[in-house]
Structures are given as C-alpha cells and as structure tokens.
Amino acid sequence: MLWQACLRCERQVLHRLMDSNDLILTIRTYMYPLRDIRSEGSGPDLAAAIDGLQTGSSPGMYFYKRAPNWTRAVKEFLLADERKAVVF
C-alpha cells in the first residue's frame with residue numbers, strides 16, 4: 001500500500017491586481033510518490049520533516065493530520081534500503 005502512497009503538497013499564492021487592487025488566490029497541488037522520494041535519496045529528509053510535525057511552529061497539525069496513525073509505517077518505508085525494501 002505504501003508503494004502507491006503519495007506526498008501531496010500545495011503552493012498557495014496571493015496576487016494583487018494592479019488596476020482594481022483585487023486579490024486572487026491561486027492553489028497548485030503537486031503529488032509525489034513516496035517510492036520516488038525514497039529512490040532519489042530524499043527519504044531521510046522527509047522522515048526528519050515528519051518528526052518535525054510535533055515540534056514545529058504548529059504542533060497541533062500533527063494530530064490534525066492523524067500522524068500517530070501513519071508516521072511509523074511511512075518513516076520505515078522512507079528509510080528502508082531499497083534493495084531490501086518490503087512492499088507495504
């Protein structure tokens with residue numbers, strides 16, 4: 001199952017229109033398969049970022065994202081040696 005899981009990121013940008021002074025909010029969603037993140041060598045960085053959910057600027061986000069339910073399995077997947085990795 002984790003072999004098919006993805007990291008979903010959003011880029012949100014506010015633009016102010018020069019003539020009317022109105023604001024436009026644009027949202028772009030990106031999906032990155034966890035297997036690609038691991039295979040490119042960024043698994044340890046993402047695992048560290050997951051750890052930071054509890055201690056970062058918004059620790060409530062850890063529970064909002066239901067992190068206690070998935071962090072252990074995702075971090076094990078990200079940190080696994082790809083040659084020996086078990087497909088979850």
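Is V74 buried or exposed? V74 counts as buried, because its relative accessibility is 9% (buried means under 20% relative accessible area, exposed over 50%, and partly exposed in between, using a 1.4 Å probe and protein chains only). This is a predicted model, in which local features need pLDDT of at least 70 and side-chain atom pairs count only at pLDDT 80 or more, while totals for chains, interfaces and linings use all residues. Residues are numbered from 1 along each chain as its sequence is written, and side-chain values use heavy atoms, with hydrogens and water left out.

**V74 and its surroundings**

- V74 lies in helix α4, residues 67–79 (helices are DSSP runs of H or I with at least four residues, strands are runs of E with at least two, and both are numbered from the N terminus).
- Setting aside neighbours within four places in sequence, V74 is in contact with L2, L34 and I50 (contact means heavy atoms within 4.5 Å).
- The C-alpha atoms of V74 and I50 are 9.1 Å apart, and the two residues are separated by 24 positions in sequence.
- I50 in turn touches W70, T71, V74, K75 and L78, not counting residues up to four places away in sequence.

**The nonpolar core**

- Eight residues make up the largest nonpolar core: L2, L34, I37, L46, I50, V74, F77 and L78 (such a core is a set of buried Ala, Val, Leu, Ile, Met, Phe, Trp, Tyr and Cys residues joined through side-chain atoms within 4.5 Å).
- Two or more residues of this core come from each of α1 (34–39), α2 (43–52) and α4.
- The largest share, three residues, is supplied by α4.

**Aromatic pairs and charges over rings**

- A search of the whole structure turns up three aromatic pairs (rings of Phe, Tyr and Trp, the last by its six-membered ring, pair if their centres lie within 6.5 Å; planes under 30 degrees apart count as stacked, over 60 as edge-to-face and the rest as tilted).
- One of them joins W3 and F77: the ring centres are 6.0 Å apart and the planes are at 75°, so this pair is edge-to-face.
- That pair links distant parts of the chain, with W3 in the segment before β1 and F77 in helix α4, 74 residues apart.
- W3 is partly exposed, at a relative accessible area of 32%, whereas F77 is buried at 0%.
- Y62 and F63 also form an edge-to-face pair, because their ring centres are 5.1 Å apart and their planes are at 90°.
- Of these two, Y62 is buried at 10% relative accessible area, while F63 is exposed at 58%.
- The charged end of R38 sits over the ring of F77, 4.1 Å from its centre (this requires NZ of Lys or CZ of Arg within 6 Å of the ring centre and within 35 degrees of the ring normal).
- Likewise, the charged end of R28 sits over the ring of Y30, 4.6 Å from its centre.

**The hairpin**

- Strands β1 (residues 6–16) and β2 (residues 23–33) run antiparallel and are joined by 11 bridges (two strands pair if DSSP finds at least two bridges between them).
- R16 has L23 in β2 as its bridge partner.
- β1 and β2 form a hairpin with six residues between them.

**Positive phi in the loops**

- Most residues other than glycine have a negative phi.
- N21, in the loop between β1 and β2, has a positive phi near 65° and is partly exposed at 48% relative accessibility.
- R66, in the loop between α3 (60–64) and α4, has a positive phi of about 60° although it is not a glycine, and R66 is exposed at 56% relative accessible area.
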